[in-house]
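Please read the points below with the sequence and model at hand.

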Amino acid sequence: MPEGIVVVTPQEGGRVRRVAYEMVSLAQGLAPGAVTAVTFGPEAEATASALGKYGADQVVALNGPAYQRYSSDGFALAVQALIDHVDPEAVFFPATAWGKDLAPRVAGLLQAGLASDCIAVTRGSDGRLQAVRPIYAGKAFATVSIQSQRQLFSIRPNIQAIVEHGRAGTLLPFTPSVDPSAFQAVAVEVRSQASDKPDLTEAEIIVSGGRGIKAPENFRLLEDLADALGAALGSSRPVADEGWVPHSYHIGQTGKVVSPTVYFAIGISGAIQHLAGISGAKYIVAINNDPEAPIFKAANYGIVGDLFQVVPALTAEIRRMKENA
Amino acid sequence: MKQVPDTATLIRLQPGAKQIETQGIKWVINPYDEFALEEGLRLKERWGGEVVLVALGPARVEEAIRQGLAMGADRAVHVLTNDAVELDVWLVAQALARVCREEGYDLILTGKQAVDDDQAQVGPLVAVALGLPQVTVVVQLAIDAESRRLRAERELEGAIEVVEAPLPAVVTAQRGLNEPRYPTLPNIMKAKRKEVRTVAWESLGLEAAPLVRIESLSLPPARPAAKILTGDPEEAARELARLLREEAHVI
């Protein structure tokens, strides 16, 4: 009887992203059976104690020469071998560019069902796992179950609190035998897009601008607010299409789908595609001079006014609060 | 290529339904698949060859196929399904892989995800079914026909990853890869005469046993009415900052 959950995560320099802790915490809350985290590359074994602290009972560090650079086909075969070895009920991947590349590859090899980008995984009354996943970028939600013996899920960042379990996370030695010729697609270079801001999909706060900012140079006002808040920057689609900001800023149905605690929609009218992309936000703040803008229907807090006055005032007030704290 | 509801669609559900209400929906080519098709057309213009469009779905998909042909695809294969079959990404990928195998390929392009079910799985599943390497979420693609290799840039969170792979391969397209062309009137006329081969779903002999089953659909809960903050900009900003600290706990 398959038991336990395998959590697949990337690492860099012995550190994992927060979503890895969220996944092991979620897995620990669901499992009977062990939670096994697997990670790859140089210094992979250094992640064991931190992954253990948040719920991994054992950690597999694939740090051999084949795993120094990401390869979707090679890594997928290694994960398949590990899954055959550990025999888990379920497998979690992060719903990030990395995990969304690898997870379907593994699902294909295992001929197992995969639910992508889940915002909740629970145990149903029949004892099997159930997941909730947004469809139409969050305009609706589907509750899904997986019919194959192995149940695969990719987990959206920011949907699960991390829980300290105070374990050690023992290293499980495992060396999959994967033919080196299987590593066909290989990442030969990663160019970090220099930014001191958190990533949109993982950000707790997002400051986002639309056409109402009127000119690209006015984005500076939003940057100041984002700096004061420690927030990530985003935009509506027209602003990205105009080239005022990079495409990677675009939030909406055909851009990024985000789930921050607070989302600031500044000078954004709130087209249905944009609202879909932000429906996972806990609080939405709308600042817009048009009281009829649809964004106010989606917002928790609204200020009808001139963003060129409101935003600097808000930035100053937040700075003052933080200094006094 | 998939046909999906226009992104401006307001999603409606019938109680207990496992599919959305499709009445009155405007259907379009999945936006990411347009980037994939455009890239295929550009590669053909550069290197020669043939662009074959493969789409799966009910009879309405013919309209999207004609649009794709009008953009410049040479011919198309339509895997015709009926609504009685419960499909999931797995089954769709197996069907598409079979058609691809019959047609032959140097490169298989598709969108990084469909904007309806948002699974982002069909590309990689087709790749596995055909034993091909994959590169997903691609924003730049270079093909070297001599060495039969590709070099692609893919978008990660806050980084660009450069991936190299041998051909044939599966590549999934992200916004930014290119700017899809609009069909010209002569090409729209020409598209009407291009070949569309119809393959009945039933003829593929795939067992209709989905691996991912939809149990139920729901709409997001309505948000409570917004608190509209009034007063001059300083007052409104001060009140907002207070709410962010005391209610949202983020400051």
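In which sense do S5(A) and strand S9 of chain A pair, and over how many bridges?

1. The model is predicted. In it, S5(A) and strand S9 (residues 151-155) of chain A pair in the parallel sense, over four bridges. One point of contact can be named: A:Leu114 has A:Leu152 in S9(A) as its bridge partner.

2. Strand S5 of chain A, which spans residues 113-118, is mostly covered, with six of its six residues buried. A residue counts as buried if 20 or more other C-beta atoms lie within 10 Å of its own.

3. The loop between helix H4 (97-110) and S5 of chain A contains A:Gln111. This residue is not a glycine, yet A:Gln111 has a positive phi of about 50°. With 15 other C-beta atoms within 10 Å, A:Gln111 is partly exposed.

4. In chain B, attention is drawn to B:Arg148, located in the loop between strand S6 (134-144) and strand S7 (149-156). Its phi is positive, at about 50°, although B:Arg148 is not a glycine. B:Arg148 is partly exposed because 13 other C-beta atoms lie within 10 Å, a count between the limits of 12 or fewer for exposed and 20 or more for buried.

5. A further backbone feature of chain B concerns the peptide bond from B:Leu167 to B:Pro168, which is cis, with omega near -5°. B:Pro168 is placed in the loop between strand S8 (159-166) and strand S9 (169-173) of chain B.

Terms used: Residues are numbered from 1 along each chain as its sequence is written. Chains are lettered from A and ligands numbered from 1 in the order in which they are written. This is a predicted model: local features need pLDDT of at least 70, side-chain atom pairs count only at pLDDT 80 or more; totals for chains, interfaces and linings use all residues. Helices (H or I, at least four residues) and strands (E, at least two) are DSSP runs, numbered from the N terminus. Two strands pair if DSSP finds at least two bridges between them.
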